[in-house]
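I opened this model today to go through its strands, helices and nonpolar cores. Here are my notes, in the order I looked things up.

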Amino acid sequence: MSSELFTLLPERASTFAWQVDALYLLLVGLSVFFTVGIMAVIVYFSVKYRRRSADERPAPIHGNLPLELAWSIIPFFMVIGIFALGADLFFRLYRTPADGIDIYVVGKQWMWKIQHPEGKREINTLHVPVGQVIRLTVTAEDVIHSFFIPAFRTKKDAVPGRYNTFWFEPSKVGEYHLFCAEYCGTQHAGMIGRVYVMEPEDYQRWLSGTAAGGEVTGQSMAQSGAQQFEQLGCQTCHKTEPGGRGPVLVGAFGHPVELASGETVVADEAYVRESILTPTAKIVKGFQPLMPTFQGQISEETLAQLVEYIKSLSEAKK
Ligand code: CUA
């Protein structure tokens, strides 16, 4: 935590934090410049051009083309410049890199439940290694929450029924605030936590359970997912070789899928999740809509495990 008595901005602890601050300070600077400048001119003109006698009549004005062009064109380029800077940063913030550590976050009234791919789970804390891309997939069980880490200058809504993915790269070891930034009921204000940015070797030690905090499950998310896959009977249709009633899942993840509707979609986390909960939404070409829905039968945590399992089926093939 900052030891300074008064700070305007929270600590900067991610790679893009300073970019967010730079843009913000530029906007503040421009606002201050124009507020002060316009006020100064108003005061100056009201003194300089004050009415000096009761029968003084100002000369009529019929416009001034160069002046009017200047006050249209200069602000035009200024706001386009602000738009360009903002859009550039937005794309950097919300275009998730292809590689990184995938961590699943589920928001519910009123806690954050987090699963690491290696199987470690935690509540209201998030442990991450420094200097690596962290990809978070967030969803919610009940209402909309919002996962907010001010020190990383990033925030993403956790929406029921949807996977939202975002990323950050912590740049500084330390302990940071985690908030819910969307009013979600009585104890919204209590839906807070801590983010611990650790040295990679400390993170590995934490993952293997020798350090305090978090629940050790003894198996990776993919392994838990494989168990669920079997228990739910998925393998009766999704066989490892073609010929089953459902599509082969080995090697499917991350690749384009041709649908019966003629469309093509990429089999990403959201697609897998939707296909489990609403199998009829996107039928794969050449298959019948036979699969029953698992809506209401499996929790978001289990869903994430199944997603990781299906993902692992493609990684093994690489
Ligand atoms: Cu969850 Cu506010």
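I began with Thr137, which stands opposite Thr165 in strand 8. Strand 5 (residues 134-140) and strand 8 pair in the antiparallel sense over five bridges; I count two strands as paired if DSSP finds at least two bridges between them. Helices (H or I, at least four residues) and strands (E, at least two) are DSSP runs, numbered from the N terminus.

A note on ground rules: the model is predicted, so I kept to its limits, with pLDDT of at least 70 for local features and 80 or more for side-chain atom pairs, while totals for chains, interfaces and linings use all residues. Residues are numbered from 1 along each chain as its sequence is written, and side-chain values use heavy atoms, without hydrogens and water.

I traced an open sheet of five strands in the order 3-2-1-5-8, with mixed pairing. Strand 3 and strand 8 are at the edges with a single partner strand each, so one side of each has no neighbour in the sheet. On average, neighbouring strands are turned by 25° against each other, direction ignored. Helix 6 packs on the sheet and touches strand 1, strand 2, strand 3 and strand 5; its direction makes about 160° with that of strand 1. For such angles, axes are lines fitted to C-alpha atoms, for helices over the stretch in contact, and the angles run from 0 to 180 degrees between N-to-C directions.

I then checked burial (buried is under 20% relative accessible area, exposed over 50%, partly exposed in between, with a 1.4 Å probe and protein chains only). Strand 8 (residues 164-168) has four of its five residues buried, so it is largely enclosed by the rest of the structure. Strand 2 is mostly covered too, with four of five residues buried.

**Hairpins.** Strand 1 and strand 2 are antiparallel over five bridges, and a hairpin links them through two residues. Tyr104 has Gln115 in strand 2 as its bridge partner. Strand 2 and strand 3 (residues 121-123) run antiparallel with three bridges, and Lys113 is bridged to Ile123 in strand 3. Their hairpin has five residues between the strands, and there Gly119 takes a positive phi near 115°.

**Cores.** What sits in the largest nonpolar core? I found 37 residues, and those with the most contacts inside it include Ile103, Leu126 and Phe168. A nonpolar core here is a set of buried Ala, Val, Leu, Ile, Met, Phe, Trp, Tyr and Cys residues joined through side-chain atoms within 4.5 Å. Strand 5 gives the largest share, four residues. A second, separate core of 19 residues includes Met221, Ala304, Leu306 and Tyr309.

**Helix 4.** In helix 4 (residues 221-231), I found Met221, Ala222, Ser224, Gly225 and Phe229 buried. They span an arc of only 155° around the axis (taken from the directions from the helix axis to the C-beta atoms), which puts them on the same side of helix 4. Glu230 and Gln231, on the other side, are exposed. The cover over the buried residues includes strand 1, strand 2 and helix 6, where contact means heavy atoms within 4.5 Å. Gly233 follows helix 4, with a positive phi near 80°.

**A loop residue.** Last, I looked up Ser261, in the loop between strand 11 (256-258) and strand 12 (264-266). Ser261 counts as exposed because its relative accessibility is 56%.
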